[in-house]
Amino acid sequence: MANSKRDYYEILGVSREATAQEVKKAYRRLARDHHPDANPDDASAEERFKELTEAYEVLSNAEARRAYDTYGHQVPRGGGGQPGGDPFGGVQDIFEAFFGDGFSGSSMFGEGFGGASRGPARGRNAEADIELELAEAAFGVEREVNVQVVKNCSVCSGSGGKETHLCGMCGGAGAVRTVRDTLLGQMVSQSACPDCRGAGRIVDVPCDECRGSGKVSSIASRRVAVPAGIEDGMRLRVSGAGHDGESGSPPGDLYINIKVKEHPELMRDGEDLIHRMKVNFVQAALGTEFRVPTLEGDSPVTVEPGTQPGAAIRLRGEGMPRIRGRGRGDIKVVVDVMMPTRLTPEQRELLEKFEQMSGAETYNGGGASFFERLRGVFR
Ligand SMILES: [Zn+2]
Ligand SMILES: [Zn+2]
């Protein structure tokens, strides 16, 4: 799951507002410490070094960083518009390989506890859905989303108690360590304190507001800027807009699932849009002017005389905006030629006369097969 990956900012130990200079400085310092050459006996140093480099590669590239801030680790693949030059290719896959399950954000001590090196557990991530019209997905839109989030009670600051005292068992740490002798030597394990259940404090008088739970559920309203060119199934991340963490730890993120409604006449194909245009066989033979729907109203197209079934007409730059590039894709108008299904005797006679007057030369140039033309559309 993309939302359980370790944060690039966290890896480099810099804030989200860090300047390019600060990112570089942090990377240099950490890379020196974790360089495999400097840690020949530490097998995990290489992994850590790769992870650092990965984080640095993204955060040091302004465009990549912007995409990461918007999408988190689930960076969109886009419509294949930038072969080769894609700075994000496979970032997520690399991430899976580096971290595996052991590095997911949840800690081994249950909620409220982090591993010693990772600090206190962050709040859980929240999710919301946004449904968009195709044009909204194309040009971007601002939307208000209401998210149900668990917040720390403001009356008791999440402690759950009107009156509390420090837990004597753990001294307020919330965790206890136990040392056991085993065949393999001493094993040290850490677990949530049984007396305070990890809170670090014991409640004497429960808080009225949250009935002692320390948490309240609330509906948070957020304005979300949906970037132009977004696709169905993508997710947006709003950093820090998720559920509150245990007191002192940062909140989780909000992930917004994007659903794009189907347009009745324009089918999405990456950054291009496909429109099937029906013309009758006479119009296809003689040529005609047509209007086709676009994202910004109708647009005229010319059907040339002798247009074949499956022929494609491109309306350049009228498709979807490229989410990480400049410009827009095309609208590909695919010509669907209708044949008459019912002929009057006079019509039949006319067509028979036409056939008698026609030879192979009448159909010259219509050589490419229907499927070859259709393949050209989807290429
Ligand atoms: Zn309370
Ligand atoms: Zn305790």
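Colleague: Which residues does Val335 touch, and what makes them count as contacts?

Modeller: Leaving out residues up to four places away in sequence, Val335 touches Met277, Val279, Ala284, Val303, Thr307, Pro309, Gly310, Ala311 and Ile313. Two residues are in contact when their C-beta atoms, placed from the backbone, lie within 7 Å. Bear in mind that this is a predicted model, where local features need pLDDT of at least 70 and side-chain atom pairs count only at pLDDT 80 or more, while totals for chains, interfaces and linings use all residues. Residues are numbered from 1 along each chain as its sequence is written, and chains are lettered from A and ligands numbered from 1 in the order in which they are written.

Colleague: What makes a set of residues a nonpolar core?

Modeller: The members must be buried Ala, Val, Leu, Ile, Met, Phe, Trp, Tyr or Cys, joined through C-beta atoms within 7 Å. Buried means 20 or more other C-beta atoms within 10 Å of a residue's own; 12 or fewer is exposed, and in between is partly exposed. The largest core here has 46 residues, and Leu12, Leu254 and Val335 touch the most other members. Its largest share, five residues, comes from α3. A second, separate core of five residues includes Cys167, Cys170, Cys193 and Ala199.

Colleague: How do you know that the span of α2 fits a helix?

Modeller: A helix is a DSSP run of H or I of at least four residues, numbered from the N terminus (strands are E runs of at least two). The expected span is 1.5 Å times one less than the number of residues. For the 15 residues of α2 (20-34) that gives 21 Å, and the end C-alpha atoms are 21 Å apart, so the two agree.

Colleague: Why are β10 and β14 called edge strands?

Modeller: Strands pair if DSSP finds at least two bridges between them. The open sheet runs β10-β11-β15-β14, with mixed pairing. β10 (267-269) and β14 (312-315) each have a single partner strand, so one side of each lacks a neighbour in the sheet.

Colleague: How do you know that β14 pairs with β15?

Modeller: Four bridges join β14 to β15 (residues 331-338), and the two run antiparallel. Arg314 stands opposite Lys332 in β15.
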